[in-house]
Amino acid sequence: YKQEGLSTLWKGTFTSIILSLNPAIQLAAYEMLKRHHLIVRNGSRVVWWIVSTIIYHARGSTGSSQENDAVVNSTDGSAMEHFINALLSKFVATLITYPIQLIQTRQRWSKTPDNNTNKTKRKRWVGAATIHDLTEIIQQHGLLGLYRGLESKLMQTCLNSALMFVAYEELVELLTKLLRDDRGGAS
């Protein structure tokens, strides 16, 4: 604060607000993928049979096609489906928002204050620094420069998200069964 000014305390706030879209994008993509599986499952048995066969064999299952038909007829979705849906949805959300994450990191680590070098800069739009940083990266490194370091971010966030959504879906299923059993026993 003393060296860089009051505006330093707010570095990256604008990008944080934009990045609140990341979980919204992820959840929307997750729900779309989940519904798509249900639509495919209920609408076109052939396509879903192919998808479920791949999932069935990816699990390392062996046995009759009757076991595979049980997977096809399931309406809850398997843990593997939830894992894949969450992985893909986080991939999409991260791909869309990663350039802003890169800018936010860059702004937070910069040593110069954003808006207090002179009066004209103090009056500029709060997102101007973000736009400036985006164009600077593109000029220096091209469009691919906006995705430097993406691989490690994807490894971290996609796996974390996939495991979290599997746990979430399994807990929802467990609690739903417990509530149904509790209501059934009380009636």
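Student: What do the buried residues of α7 pack against?

Tutor: In this predicted model, the buried residues of α7 pack against α1 (13–19) and α5 (79–109); contact means heavy atoms within 4.5 Å. Residues are numbered from 1 along each chain as its sequence is written, and side-chain values use heavy atoms, without hydrogens and water. Local features need pLDDT of at least 70, and side-chain atom pairs count only at pLDDT 80 or more, whereas totals for chains, interfaces and linings use all residues.

Student: Which residues of α7 are called buried?

Tutor: They are A129, T130, D133, L134 and I137. Buried means under 20% relative accessible area, with a 1.4 Å probe and protein chains only, so these residues of α7 fall under that limit.

Student: Why are the buried residues of α7 said to line one face of the helix?

Tutor: Seen down the axis of α7, they fall within an arc of 140°, so they line one face. The arc is that of the directions from the helix axis to the C-beta atoms. An α-helix has 3.6 residues a turn, so residues three or four places apart point the same way.

Student: What span does α7 reach, and what is expected?

Tutor: Helix α7 (residues 128–141) has 14 residues and reaches 20 Å from first to last C-alpha, close to the 20 Å expected. The expected span is 1.5 Å times one less than the number of residues. Just after α7, G142 takes a positive phi of about 80°.

Student: How many helices and strands does the protein chain have?

Tutor: The protein chain has 8 helices and 0 strands; helices are DSSP runs of H or I with at least four residues, and strands are runs of E with at least two, numbered from the N terminus.

Definitions and conventions. Buried means under 20% relative accessible area, exposed over 50%, partly exposed in between (1.4 Å probe, protein chains only).
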